[in-house]
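Hello,

Here is the structure I said I would pass on. My notes follow below it.

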Amino acid sequence: MDDLKGTSATVGRALEGTFETLPAGDAAWRCAVGPDRVPVAVRITGAEGPPVVTLSSVVTEAPALTGRLAQAIAREHDGLLFGRFRHDGGAIVVEQAILGGHTLHAREVQIAAWAVGWAAAAYRPRWERHLAGEALGGDLPVPHVEPRRGIADRIESTTARVEAALGTRYGAFQHDPHWGYHGPFGSARVFVSVRHTLEVSTAVLVASPILSAVSLTEALALDVHRTAAASPFGRFAYAAERSELWVEHAILGDDLDPVELERAIDAVATLADGEDDRLQAAHGGARYADLAAGS
């Protein structure tokens, strides 16, 4: 209960005076984000476990979750840093879940609200074309925010915290200059990399290649969408140019807490190691363990 109250207080401080307040409705808070005044709903769950703050925004109406829609969700995730798309009843929503409790910082809430509101507005034309069955062209949406002086130091600082946290908690992570840090989890392997985002912020992307040489059929897309929806953390992203299916979750690197990083890694590892055998048996492809073994 104390964690829930503390989380609620932090969320309130983060939103008050930062974004325009809207009637909350069925959410704990609702605010308008960005020049388009995109409504973002904030909910807190976790009465029986660690609190989770989920920020979400409706992108566009979508009456039914079809196989083609699920395919589009997995493909769009390959170009999205924060959050995930999900079919929620009659609409496509974009949402980002962050760990509450003592690790929660006001800036996490503010960045998550901005990222969700931005993605809802920026990706809406793409989703309208998806739903109309039209071909997509042009580049993926990118936030029009220029990096400021000092971002190199921020990346270095976040990377140092990531390395220290990984060494203390897991010990077995290795570093690759192209892929970042990586370590084994059963038949899967989890990669952790630090990215620049917005002006002087950093993001930590936790990802695992769950299947390679696999076609994104409608059945596979529907399967992974429903699997991801069972947890607030994690998404499945399909890299079409490499025919790879990944599990991912990104967190804010600013003021990174080891507990938050651990939660993200465990969420990705649980999905990757827990689902790779089942997904391979049902849909084909090769697991990371198969590639590592040379089979």
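Which strands and helices do the buried residues of helix 2 pack against? They pack against strand 5 (84-87), strand 6 (91-99), helix 3, helix 5 (218-229), strand 11 (235-239) and strand 12 (244-252). Contact means heavy atoms within 4.5 Å, and buried means under 20% relative accessible area, with exposed over 50% and partly exposed in between (1.4 Å probe, protein chains only). Helices (H or I, at least four residues) and strands (E, at least two) are DSSP runs, numbered from the N terminus.

The model is predicted: local features need pLDDT of at least 70, side-chain atom pairs count only at pLDDT 80 or more, and totals for chains, interfaces and linings use all residues. Residues are numbered from 1 along each chain as its sequence is written, and side-chain values use heavy atoms, leaving out hydrogens and water.

Nine of the eleven residues of helix 2 are buried, including Leu 69, Ala 72, Ile 73 and Glu 76. Those four also touch helix 3, where the partners are Tyr 123, Arg 126, Trp 127, His 130 and Leu 131.

Trp 114 and Trp 118 lie in it four residues apart, about one turn of the helix. Trp 114 is partly exposed, with a relative accessible area of 27%, whereas Trp 118 and Tyr 123 are buried. Phe 85, Trp 114, Trp 118, Tyr 123 and Trp 127 form one aromatic cluster; rings of Phe, Tyr and Trp (its six-membered ring) pair if their centres lie within 6.5 Å, and planes under 30 degrees apart count as stacked, over 60 as edge-to-face and the rest as tilted. Trp 118 and Tyr 123 are edge-to-face, at 6.1 Å and 90 degrees.

Regards
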